[in-house]
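Thanks for coming, everyone. Please bring up the structure on your screens, and we will walk through it together.

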Amino acid sequence: MKLALSACLSLVALLISPARAQDLVVYGGTPAGIAAAVTAARAGTSVVLVEPTRWIGGMVTGGLSRTDVGKEQTLGGFPREFFARAAAAKPDTAMWYAEPSVNLATFQAMLTEAGVKVFTGQSLQGVVKEGARLVSLTTTDGTVHRGSMFIDASYDGDLMAAAKVSYTVGRESRAQHGESLAGYHPMPIRPRTVEVMESDCPSIGGTGPSYIHGTPVSLSGLDDKGQPIFGVFPAPKLQPGDADHRLQAYNFRLCVTQRPDLLVPFPKPATYDPSRYELLLRLIRAFPGIRFGRLFHVGATSHGKFDLNAQGLFSTDYPGANFDYPDGDAATRARIWQDHIDFIQGMLWFLGHDERVPPALREQTLSWGLCRDEFADNDHWPYALYIREGRRLIGEHVMTQHDLQTEIFKDDSVAMGSFLIDCHIVQRILAEDGTVRDEGSFHDTPVLPYQIAYRSLTPKRAECENLLVPVCLSASHIAYCSIRMEPVYMALGQACGLAAVQARHTQTAVQAIDVPALQKQLRAQQAVLDLPELAKIPRSSKLPGLVLDDSQAEKVGHWTASSYGTPVDGASVHDANGEKGHLSITYRLTVPADGRYEVRVAYAAAPNRASNVPVEIEHAGGTATTTVNQKRKLPEDDPFLSLGTFRFGTAKPAVITIRNGDTDGIVGADAVQLLPKP
C-alpha cells in the first residue's frame with residue numbers, strides 16, 4: 001500500500017511540476033504570436049506557444065478572411081510569406097483572401113515545420129516575477145511554463161497586465177497627445193437617399209468604399225414611453241475631445257455563402273428577442289428597398305465564400321456591449337462573448353423571418369448562410385470574437401496620430417503600417433431632440449505609410465525587462481485604429497521573435513538590444529521597414545518659415561480627408577463639393593517677431609476643383625480677402641501658392657481662413673506657410 005501511495009504521489013508531482021524552462025514563452029496563438037514563435041524557432045530558439053482558446057490563428061482563422069492590408073508594399077517578411085502560402089495552398093485563391101480553414105492549416109504547417117510546442121485551451125491564471133523579470137506563467141489547468149523571455153501576443157493583454165506593466169483602456173483626450181481625432185466624438189447626421197445608400201456600397205465582389213460609417217438619417221431613439229430603445233444610450237456628460245474608457249465595437253466576422261452545396265441557414269439563438277432590433281427596423285423603414293448588401297459589408301474571398309462585416313449605423317457591430325471586456329474576469333468575458341453571438345444571430349434571424357421586414361429583404365437574407373465546411377467543430381460559427389481594441393501598453397514610446405501623419409519616420413523602425421484611421425461605432429447616443437447619433441466612428445482619415453517604433457513594443461524598463469507586446473502595443477486609441485490590422489500584427493510579431501532571441505543571447509533587457517542589428521535581420525528576412533518614395537513627400541517640419549498643416553487647423557463642418565496628389569505631410573482635406581457655405585478651416589500662426597511675411601497656401605489641384613475659393617487673411621492692418629483658383633496646377637518643386645505679403649505682429653496671431661461658400665467645385669485645404677520678408 002505504501003509503495004502504491006508513493007507511486008501515486010510521484011505521478012501527481014510529475015504532472016504538476018514546472019516544465020523545463022523554454023528560451024521563449026509566447027502567450028497568445030494569434031497571427032502575431034505565431035509569427036513570433038515561428039521566427040524565433042527558426043533561429044534555433046526553443047519556443048512554447050500558449051493559446052487560451054481551443055483554436056490557434058485568432059481572427060485570421062476565426063472569421064476575418066478578407067484581409068485589410070492598406071498599401072501592400074509595406075508588407076513583407078512573415079506576413080507576406082504566410083499569405084502567399086495560404087493562397088497557394090488551394091487553386092484559385094486570391095492573395096490575402098484565403099478561406100479560414102486554409103489559413104488554419106497553413107499556420108499549423110508552419111508551426112510544425114519550425115518545431116514550436118503548442119498548447120491550446122490554457123488561459124492565464126498567474127505569473128511569477130522576480131524584480132523586473134518574468135520567470136513563469138501558470139495557466140488555469142495548473143500547467144507552469146517557465147522561460148527566459150516572454151511575449152504577450154494575445155488580443156486581451158492578460159500577460160502584460162499580470163506582469164504589472166502600465167497600460168490603458170479607452171480613449172485619450174485631444175489634449176493628452178495633441179490628437180485632433182481623440183476623445184469623445186459625436187457624429188452629425190449625414191443625410192443619404194436610398195439611391196445614395198446603395199451607391200455607397202460596392203456590389204458584392206466589386207469596388208468601392210470598404211465601410212460606410214455615420215448616421216444617415218434622423219431616427220427617433222425613444223419608445224412610446226419616452227425611454228431609449230435597445231442599443232441607444234443617453235449622451236454622456238462629455239465635450240467633444242474628452243477622454244473616457246469606452247471602446248470601438250466588437251463583432252464576429254462571419255464566413256458566409258450563397259452556394260447551395262455549402263449553405264447552412266443562419267441559426268436562431270435561444271435568447272432571441274426581436275425588440276433588440278427596433279432601431280434596425282426604423283432604419284429599414286427610412287430606406288424602403290434597402291438591400292442586405294447595404295446593411296452589411298459583404299466582401300468576396302475565395303470559392304464562393306464571403307467575409308461578412310459591419311458597416312453603417314446598425315449592423316453586426318454591437319456598440320456599447322464591450323466596455324467591461326478588457327479588464328473583465330473570465331465570467332464577464334464569457335457573458336460578453338455569448339451576448340455578441342446571440343445579438344448577431346438574432347439580427348440575422350430577425351432580417352430573415354420577422355414579417356415587419358420587407359419581403360425582398362427577407363428573401364435576400366435567407367439566400368445567405370454559414371459555410372458547411374468552415375468551423376465544423378463550432379456549429380459553423382467563427383472561432384474568434386473580433387476584439388478590435390482592448391488594453392494598450394504604455395511603453396517606452398506611445399504611437400499617436402502624429403506618428404501616422406506627420407512624424408512617420410522612426411530610427412528604430414521594425415515594421416510599417418498604412419491603413420486608414422478606422423474606428424467603428426463606440427456607442428449610439430440620444431441627441432437633445434431624442435434622435436439617434438453615431439458616436440466615435442470615422443473611417444475616412446488617411447495616413448502616410450508610417451514606421452512603427454520598436455520602443456512601442458517594450459514596457460518601461462523598470463517594469464519588465466523580458467517582455468515584448470506586439471498586439472496590445474503602446475499606442476493611443478487613434479493610432480491603434482490604424483495599426484490594428486492582422487498583417488501588421490504579424491510583422492510586429494516577427495520583430496518581437498527576433499528581438500527576444502537577441503535579448504536572450506546577449507543576456508540583456510529587451511529595451512537595450514542592438515536595434516540596428518535587429519533591423520538588419522528583419523531586412524534579411526524580407527521585412528519592410530521603410531519606403532524610398534516617402535522622401536518625396538513635403539514635410540511641414542522640414543519646410544522653411546512657419547507651416548501649419550490642415551491636421552492642426554480648426555475645422556467647421558465635415559471635411560473629407562484625402563491623400564490625392566502630393567499634399568504636405570501626405571494628406572489634405574476637401575468639402576466633397578457639398579454643404580456649401582457651411583464649411584470653413586482656420587489656420588492660426590503666431591509669428592516670432594513683428595514684420596512682413598509672405599502668406600502661401602498649398603492645395604491639391606484638379607479639374608473638378610473650385611476656381612473661386614475665398615480666403616481671408618487677418619493681418620496687423622485688418623482683413624484681406626482673395627480667391628484662389630484650385631484648378632491651377634502648382635509646380636512639383638513648390639506645393640504653395642503665394643497670396644501676397646502682409647504685416648503681422650506678435651501680439652495677434654496670423655489668421656487665414658478658407659471657406660466654401662458660393663464655390664463652383666470641390667474646395668480643398670492643405671497647409672499654410674508664412675515666410676519672413678525684409
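Let's start with a term: a disulfide is a pair of cysteine sulfur atoms within 2.5 Å. By that rule, the whole structure has zero disulfides. Before I go on, a word on the source: this is a predicted model, where local features need pLDDT of at least 70, side-chain atom pairs count only at pLDDT 80 or more, and totals for chains, interfaces and linings use all residues. Residues are numbered from 1 along each chain as its sequence is written, and side-chain values use heavy atoms, with hydrogens and water left out.

Back to the cysteines. Now take C481. Its sulfur has its closest cysteine sulfur in C423, at 4.0 Å, which is too far for a bond. C481 is buried too, with a relative accessible area of 0%.

Next, the rings. Rings of Phe, Tyr and Trp (for Trp, the six-membered ring) pair if their centres lie within 6.5 Å; planes under 30 degrees apart are stacked, over 60 edge-to-face, and the rest tilted. That rule gives 20 aromatic pairs. Take F82 and F83: their ring centres are 5.0 Å apart and their planes stand at 75°, so this pair is edge-to-face. F82 is buried, at 0% relative accessible area. F83 is buried as well, at 2%.

Which residues do ring pairs link into a cluster? They are F230, Y277, F314, Y318, F343 and F350.

One ring has a charge over it. The rule is that NZ of Lys or CZ of Arg must be within 6 Å of the ring centre and within 35 degrees of the ring normal. R333 lies over the face of Y325, 5.1 Å from the ring centre.

The search runs on a 1 Å grid over the protein atoms alone. A cavity is a set of points where a 1.4 Å probe fits but cannot get out. A pocket is an open set with protein on both sides within 12 Å along at least five of seven lines. Lining residues have an atom within 4 Å of a point. Points are joined across faces, edges and corners, and a volume is the space filled by probe spheres set on them.

The largest pocket has a volume of about 1,000 Å³. Its lining has 40 residues, and L181, H185, K555, G557 and W559 lie nearest the centre. By class, that lining has 14 nonpolar, 16 polar and ten charged residues. Ala, Val, Leu, Ile, Met, Phe, Trp, Tyr, Cys and Pro count as nonpolar, Asp, Glu, Lys and Arg as charged, and the others, Gly among them, as polar. Which element gives the largest share of this lining? It is β19, with four residues. Helices (H or I, at least four residues) and strands (E, at least two) are DSSP runs, numbered from the N terminus.

The second largest pocket holds about 830 Å³. It is lined by 37 residues, with P52, T53, S123, D156 and Y325 nearest its centre. There is Y325 again, the ring with R333 over its face. Helix α11 (330-353) supplies at least two lining residues, as does α3 (58-61). The most come from α11, with five. This lining has 18 nonpolar, eleven polar and eight charged residues.

Now the cavities: there are five of 30 Å³ or more.

Last, two glycines in loops. G29 sits between β1 (22-27) and α2 (31-42). It is buried, at 0% relative accessibility. G29 and T53 are 24 residues apart along the chain, with their C-alpha atoms separated by 8.6 Å. G570 is in the loop between β24 (560-562) and β25. G570 is buried at 7%. From G570 to T406 is 164 residues in sequence, yet 7.8 Å in space, C-alpha to C-alpha.

How values were computed:
Buried < 20%, exposed > 50% of the residue type's maximum accessible area, 1.4 Å probe, protein only.
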